[in-house]
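Please look over the model shown here. The report that follows takes up selected local features in turn.

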Amino acid sequence: MSKFCNVARDAAVVTAMLVALTGCGGGGGSDNPQGSNPPPPSTSPPPASPPPSSPSVPPLSTTVVDLSDNHAVGADRWAAGNTAEGGQGGEVDGMACLLNMPEAYHVHAHLAVFVDGVQSAIPNNIGIHNQEPSRCFYGIHTHDKSGKIHVEFGAPGVYTMGNLFHIWGQSLTSDNFAGLTGKPVKVFVTDNGTTTEVTSDWGQIELTTHKLITVQVGSAITEIPNYNWNGN
């Protein structure tokens with residue numbers, strides 16, 4: 001066979017191989033039919049969860065203090081009785097000072113005040129005015145330093161913390177709580193075991209049976225005190 005024939009034959013074989021390879025590569029399947037490259041895997045760690053925020057309302061203490069014996073609670077801070085700006089025998093908020101208290105409606109709420117974490121005693125004889133020859137009583141008053149607030153009237157009605165502070169003669173504002181100034185004040189109310197913070201007018205808090213009113217002046221308290229007593 002001539003040299004020319006060998007060259008022609010080799011060229012034909014190469015051409016056939018190229019055609020075969022082209023046929024195998026074209027029109028076949030693909031793992032990426034759209035022709036786009038897959039995104040690289042993320043190497044960034046997920047964002048860290050924020051730490052849990054501390055609750056704005058302290059938990060109610062699991063220790064229940066019985067005040068049936070009317071023992072004193074807290075350290076002395078205020079003098080007994082009403083201030084000169086409080087009830088002095090005349091009407092306060094339309095409430096007369098009476099020689100004898102009616103018993104048709106008689107319930108007790110409780111007031112606890114903490115100043116920088118230390119409890120202050122609520123004075124005795126708030127709402128009791130000494131007059132010669134006898135004493136008179138406002139329908140909202142205290143007998144001792146237990147923090148129990150007596151609410152005694154001839155009929156049920158709306159009797160409030162504002163009434164108590166008017167009779168006592170003390171201020172009830174965010175910048176002056178019973179003469180305490182320059183410290184933040186928070187007020188919490190516990191009713192039927194549920195505690196909420198009162199952020200509106202504190203004077204409108206009703207004094208109802210076994211309601212616990214806790215006032216925080218200055219640094220935060222860790223728990224709400226829990227009190228109970230015999231009767232209403």
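## Disulfide

Cys97 is buried, with a relative accessible area of 15%. Buried here means under 20% relative accessible area, exposed over 50%, and partly exposed in between (1.4 Å probe, protein chains only). Cys136 is buried too, at 1% relative accessibility. A disulfide joins Cys97 to Cys136, with an S to S distance of 2.0 Å. The criterion is a pair of cysteine sulfur atoms within 2.5 Å. By this rule the count is one disulfide.

The torsion about the S-S bond of Cys97 and Cys136 is about 95 degrees, so the disulfide is right-handed. Cys97 sits in the loop between strand 1 and strand 2, and Cys136 in strand 5 (residues 135–137), so the pair ties together parts that are 39 residues apart in sequence. Helices (H or I, at least four residues) and strands (E, at least two) are DSSP runs, numbered from the N terminus.

## Basis of the values

This is a predicted model: local features need pLDDT of at least 70, side-chain atom pairs count only at pLDDT 80 or more, and totals for chains, interfaces and linings use all residues. Residues are numbered from 1 along each chain as its sequence is written, and side-chain values use heavy atoms, with hydrogens and water left out.

## Aromatic pairs

Rings of Phe, Tyr and Trp (its six-membered ring) pair if their centres lie within 6.5 Å; planes under 30 degrees apart count as stacked, over 60 as edge-to-face and the rest as tilted. By this rule there are five aromatic pairs. The ring centres of Phe165 and Phe177 are 5.4 Å apart and the planes stand at 55 degrees, so this pair is tilted. The pair links distant parts of the chain: Phe165 in helix 2 (residues 161–168) and Phe177 in strand 9 (residues 176–177), twelve residues apart.

Phe165 is buried, at 1% relative accessible area. Phe177 is buried as well, at 0%. Trp78, Phe165, Trp168 and Phe177 form one aromatic cluster.

## Hairpin and positive phi

Strand 10 (residues 185–191) and strand 11 (residues 194–198) pair in the antiparallel sense over five bridges. Pairing requires that DSSP finds at least two bridges between the strands. Phe188 stands opposite Glu197 in strand 11. Two residues lie between the strands of this hairpin, and Asn192 takes a positive phi near 55 degrees.

Asn70 is not a glycine, yet has a positive phi of about 60 degrees. Asn70 lies in the loop between strand 1 (60–66) and strand 2 (105–115). At 31% relative accessibility, Asn70 is partly exposed. Ala178 has a positive phi near 50 degrees. Ala178 lies in the loop between strand 9 and strand 10, and is buried at 4%.
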